[in-house]
Amino acid sequence: MEQTKFLMSDDDIPTHWYNIQADLPEPLPPIIHPGRMDPVTPDDLLPVFPMELIMQEVSQERWIEIPEPVRDVYKLWRPTPLYRAYRWEKALGTPARIYYKWEGVSPPGSHKPNTAVAQAYYNKMEGQTRISTETGAGQWGSALAFGCNLFDLECKVYMVAISYDQKPYRKSMMEAWGASVVPSPSPDTSAGRKYLEEDPSHTGSLGLAISEAVEDAVTTEGTKYSLGSVLNHVLMHQTIIGQEMKKQFEMADDYPDMLIGCIGGGSSMGGFSLPYIPDKIKDGKDIQIICVEPMASPSVTKGLYKYDFGDTAATIPLLKMYTLGHSFIPAPIHAGGLRYHGMSPIICLLNDLGIMETRALHQIPVFEAAVSFAAAEGIIPAPEPSHAIKAAMDEALKCKETGEEKVIAFNLCGHGHFDMGAFDAYFAGELVNYEYPAEKVAEAQKELPEVPAEYR
Ligand SMILES: Cc1ncc(COP(=O)(O)O)c(C=O)c1O
């Protein structure tokens, strides 16, 4: 009989996170201090992050042990299944073999708790009582609320105003796990008040919500800030996805020709694909690694590979990344988690070196693909991974033309149960495709900070 799901037991949960920094062909560019314009020291970051996470951020160790209390929480939903999409292959009429790693089985419904639980744990160990964060789609805020609840920490979430309105039940979910949630921009911080004064009906952005959450952390006793993507330690925590998948492919007696995932800040794609990078660059495996982003927020395909601030108020350290400029206010597309101006420095370097590639898609065909997938496989995907679904579908249809039996794996990193409003808009024909104008990229270049040439 054909095997549809490849399942593993609690004992197969990885014992270590994989740190790609040990295997990168060249070191990552340093994180730059926003005032001094030289590389940050651990002490610079200490008001914002716990020391263990700062050390992980710069660590060159290939493997970092996962603390037992964190593995113990992972048992609630990990290992996650790898599926073979037989029904969708049949519906598409493709000779390709399609697999998907299903991260939507976690309690909050995405890959995000893989790092949220770890971050909550380290904050607790270092004596914090409260964590502040931002959320775009609501998935990250839910994951951190869940993690904080398990380790008895307070959690304050600044939720991008447009998502707050689009997804009220995400807020309820965060509250059920004990978090307090405000729409961003909010009156609770000076950054929020400034933008609200300029525009009382501001729809917000991830960059702006980050400014608020960081300000909250550095001005509130016992509080640190937590970021759900972009940073090296976040991608590293997510590598349990790809490590599990490698074992599951062995169970399937197969190996991927293509790895496809969406990128907002790059954490799901990093976790899914980084464990395969040594196969590609050391063992010479011919794997195509394809990142997918929205046309409305095309950081990698249209942005500049330059140092920029990670937040709108230009207060946090600078990262070298593909960026649309930190004042970027995204169009109101429904993939809230993909509306960020920058990108993980690891994903950016790997794109720059040609080890990964990126393509951008419009949201209407993305929803079309999501519905095709849901009809065959049953799962209703979140709009973010629906970008990966559309790219996987395009590749599977190319195989139909050529007759190639490629093995396509994509990361189904979250369910869309709180995104049904977006599906409603799609069914009602109300969705609009937005393309980010080239002039805006040129404008963004003008606002990028000047970093000394030796670090560029
Ligand atoms: C389900 C889902 N997928 C993807 C993303 C994008 O983030 P990342 O690129 O860090 O995975 C988000 C972000 O909120 C998300 O909620």
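Met 37 is placed in the loop that runs between strand 2 (16-18) and helix 1 (42-45), in a structure that is a predicted model. The phi angle of Met 37 is near 60 degrees, a positive value in a residue that is not glycine. Because buried means under 20% relative accessible area, Met 37, at 16% relative accessibility, counts as buried.

Ala 314 also has a positive phi, of about 60 degrees, although it is not a glycine, and this residue lies in the loop between strand 12 and strand 13. With a relative accessibility of 27%, Ala 314 counts as partly exposed. As background to both cases, most residues other than glycine have a negative phi, and most peptide bonds are trans.

## Two cis peptide bonds

Arg 78 and Pro 79 are joined by a cis peptide bond, for which omega is about -10 degrees. Pro 79 belongs to the loop between helix 3 (68-74) and strand 4 (82-84).

A cis peptide bond also joins Ser 184 to Pro 185, here with an omega of about 10 degrees. Pro 185 is found in the loop that lies between strand 8 and helix 9.

Four strands form an open sheet in the order 8-7-6-9, and their pairing is parallel. Strand 8 (180-184) and strand 9 (223-225) stand at the edges with a single partner strand each, so that one side of each is left without a neighbour in the sheet. From one strand to the next, the twist averages 25 degrees.

Strand 6 (residues 130-135) and strand 9 run parallel and are joined by 3 bridges; Ile 131 has Lys 224 in strand 9 as its bridge partner. Helix 10 packs on this sheet, where it touches strand 6, strand 7 (154-160), strand 8 and strand 9, and the direction of helix 10 makes about 170 degrees with that of strand 6.

## Helix 9 against helix 10

The axis of helix 9 (residues 190-198) comes within 8 Å of the axis of helix 10 (residues 206-219), and the two cross at roughly 145 degrees. On the side of helix 9 the contact is made by Ser 190, Ala 191, Gly 192 and Tyr 195, while helix 10 contributes Leu 208, Ser 211, Glu 212 and Glu 215. The residues of this contact divide into 3 nonpolar, 3 polar and 2 charged.

## Strands 12 and 13

Strand 12 (residues 304-309) is largely enclosed by the rest of the structure, because 5 of its 6 residues are buried. Strand 12 pairs with strand 13 (residues 318-323) in the antiparallel sense, over 6 bridges. Within this pairing, Tyr 305 stands opposite Tyr 322 in strand 13. The loop between strand 12 and strand 13 is where Ala 314, described above, is located.

Glu 57 has its place in helix 2 (residues 51-58). Although Glu 57 is buried, it has no salt bridge, and the nearest side chain of opposite charge, that of Lys 112, is 14 Å away.

When its neighbours within four places in sequence are left aside, Glu 57 is in contact with Gln 21, Ile 31, Leu 231, Asn 232 and His 233.

Technical notes
Residues are numbered from 1 along each chain as its sequence is written. This is a predicted model: local features need pLDDT of at least 70, side-chain atom pairs count only at pLDDT 80 or more; totals for chains, interfaces and linings use all residues. Side-chain values use heavy atoms; hydrogens and water are left out. Buried means under 20% relative accessible area, exposed over 50%, partly exposed in between (1.4 Å probe, protein chains only). Lys and Arg count as positive and Asp and Glu as negative; His and the chain ends are not counted. A salt bridge is a side-chain nitrogen of Lys or Arg within 4 Å of a carboxyl oxygen of Asp or Glu. Contact means heavy atoms within 4.5 Å. Axes are lines fitted to C-alpha atoms, for helices over the stretch in contact, and angles run from 0 to 180 degrees between N-to-C directions. Ala, Val, Leu, Ile, Met, Phe, Trp, Tyr, Cys and Pro count as nonpolar, Asp, Glu, Lys and Arg as charged, and the others, Gly among them, as polar. Two strands pair if DSSP finds at least two bridges between them.
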